[in-house]
Amino acid sequence: MRLAFFGTPDFAVPALRALIGEGHDVVCVVTQPDRPQGRSRSTLVPPPVKQVALEEGIPVLQPDRPRGEEFLAQLRDFAPDLSIVVAYGHILRQDVIDVPTRGTVNIHASLLPRWRGAAPIQAAILAGDAETGVSIQRMVLQLDAGPVLHEVRVSLPETITGGELTEALSELGAEAIVEFLTLFELGGLEARAQDESQVTYAPKIDRAMARLDFRRDAAEVARAIRAFDPRPGAWGVVRETETRLFGARVLPDRRGEPGEVLEVGEMGMVVACGSGAVAVETVHPAGRRRVAALDWAQGRGVAVGDYWTLPE
């Protein structure tokens with residue numbers, strides 16, 4: 001079966017490598033254009049998926065937008081039987097979805113219909129979900145709403161970070177797409193329509209979402225710190241310095257005013273929440289390097305009795 005692969009970031013790389021490793025015929029890769037990076041913004045850096053495609057000698061298409069007659073003609077020339085989409089970064093139009101003779105599928109990092117949208121990994125941690133996984137769904141025009149063709153479930157450890165879960169689900173997605181293609185070619189799949197009454201959405205993460213509010217329960221604060229680790233980093237303001245926090249542990253029996261620094265020691269910086277407190281291992285003050293909370297305190301960056309500013 002001839003496959004077209006749509007993907008851009010590191011998250012998509014294991015799936016592409018798995019398809020190649022299993023001997024599937026990946027006839028082209030569609031990815032986003034090279035982007036300028038560095039302080040001068042003068043160096044164009046190719047997406048991770050493009051780098052793999054070039055290593056493997058696979059033709060690469062990099063349209064600014066995956067639309068228009070020129071792009072459609074290029075895609076049709078490769079005559080794909082199936083398109084596979086993994087974190088490509090653009091919504092596909094119906095004419096692009098319909099190019100392959102056997103349709104287009106997407107690897108989504110949640111158990112649909114839970115957490116449709118751009119940030120399902122962080123949403124699952126924020127919500128304290130007990131399990132998550134990957135869904136392979138047939139693409140339709142509505143966001144993440146197509147029938148589910150295959151899914152793989154995993155338990156969600158209470159201490160996992162957004163970065164760790166991203167890596168785990170990236171590898172799980174690679175395993176799932178290989179399993180899916182085997183079943184797909186054998187005709188052993190039954191599509192499951194999504195239950196619209198169970199839909200939840202995970203919007204794109206913005207700066208405001210990552211702002212910590214210590215008036216919340218300590219468990220919620222800790223989940224936020226883990227969900228946004230390593231990027232964008234859950235943040236707050238203390239001593240008029242914007243600071244990102246990492247490595248949180250819940251201390252349910254500690255009490256204080258929300259945002260109050262209760263202790264700084266070997267266990268880290270203990271900050272009171274609306275209920276309980278969190279112990280934070282490391283911090284990253286703006287304009288400085290990431291350091292252990294204790295080292296930050298010894299450098300007079302924070303002290304017991306300080307207060308983290310509460311959002312308005």
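The exercises below, each with a worked solution, concern a predicted model of a protein chain.

**Exercise 1. Describe the chain as a whole: how many helices and strands does the protein chain have, and what share of its residues is buried?**

Step 1. The secondary structure comprises 8 helices and 17 strands.

Step 2. Along the principal axes, the C-alpha atoms fill a box of roughly 65 × 50 × 35 Å.

Step 3. The chain has 312 residues, and 51% of them are buried. Buried here means under 20% relative accessible area.

Step 4. The accessible surface comes to about 15100 Å², and carbon and sulfur atoms hold 48% of that surface.

Step 5. Among contacts with a separation of 6 or more, 64% are between residues 24 or more positions apart.

**Exercise 2. Explain why the salt bridge between Arg192 and Glu151 ties together parts that are 41 residues apart in sequence.**

Step 1. Start with the distance: the closest N and O atoms of Arg192 and Glu151 are 3.3 Å apart. A salt bridge requires such a pair within 4 Å, and this pair forms one.

Step 2. Locate each partner. Arg192 lies in the loop between α6 (162-186) and β11 (201-202), while Glu151 is in strand β10 (residues 148-155), so the bridge joins parts that are 41 residues apart in sequence.

Step 3. Classify the accessibility. Arg192 has 33% relative accessibility and is therefore partly exposed; Glu151, at 26%, also counts as partly exposed.

Step 4. Look for further partners. Arg192 and Glu151 belong to a network of salt bridges that also includes Glu131 and Arg153.

**Exercise 3. Which parts of the chain does the pair Glu242 and Arg207 link?**

Step 1. The side chains of Glu242 and Arg207 form a salt bridge with an N to O distance of 2.7 Å.

Step 2. Glu242 sits in strand β13 (residues 241-251) and Arg207 in the loop between β11 and α7, distant parts of the chain with the two residues 35 apart.

Step 3. Both residues fall in the partly exposed class: the relative accessible area of Glu242 is 31%, and Arg207 is at 49%.

Step 4. Another of them joins Arg216 and Glu220, at 3.3 Å from N to O.

**Exercise 4. Is Thr161 buried or exposed, and which residues does it touch, not counting those up to four places away in sequence?**

Step 1. Thr161 is placed in the loop between β10 and α6.

Step 2. Its relative accessible area is 13%, so Thr161 is buried.

Step 3. Leaving out residues up to four places away in sequence, Thr161 touches Ile125, Arg226 and Asp229.

**Exercise 5. How far apart are the C-alpha atoms of Ala219 and Val278?**

Step 1. Ala219 belongs to helix α7 (residues 218-227), and with a relative accessible area of 25% it is partly exposed.

Step 2. Val278 is 59 residues from Ala219 along the chain, and their C-alpha atoms are separated by 7.9 Å.

**Exercise 6. Describe the charges of the chain and a patch of positive charge on its surface.**

Step 1. There are 33 positive and 43 negative side chains. The centres of these two sets lie 6 Å apart.

Step 2. On the surface, a patch of positive charge is made of Arg35, Arg65, Arg67 and Arg93.

Step 3. Take one member, Arg93, which is in the loop between β6 (82-86) and α4 (94-97). Its relative accessible area is 40%, so Arg93 is partly exposed.

Terms used:
Residues numbered from 1 in each chain as written. Predicted model: local features only at pLDDT ≥ 70, side-chain atom pairs only at ≥ 80, totals over all residues. Heavy atoms only, no water. Patch = residues over 30% accessible without salt bridge, like charges linked within 9 Å, V, L, I, M, F, W, Y side chains within 5 Å. Areas by Shrake-Rupley, 256 points an atom, 1.4 Å probe, with all protein chains shown as cover. Lys, Arg positive; Asp, Glu negative; His and termini not counted. Charge placed at Lys NZ, Arg CZ, Asp CG, Glu CD. Helix = DSSP H or I, 4+ residues; strand = E, 2+ residues; numbered from the N terminus. Buried < 20%, exposed > 50% of the residue type's maximum accessible area, 1.4 Å probe, protein only. Contact = heavy atoms within 4.5 Å.
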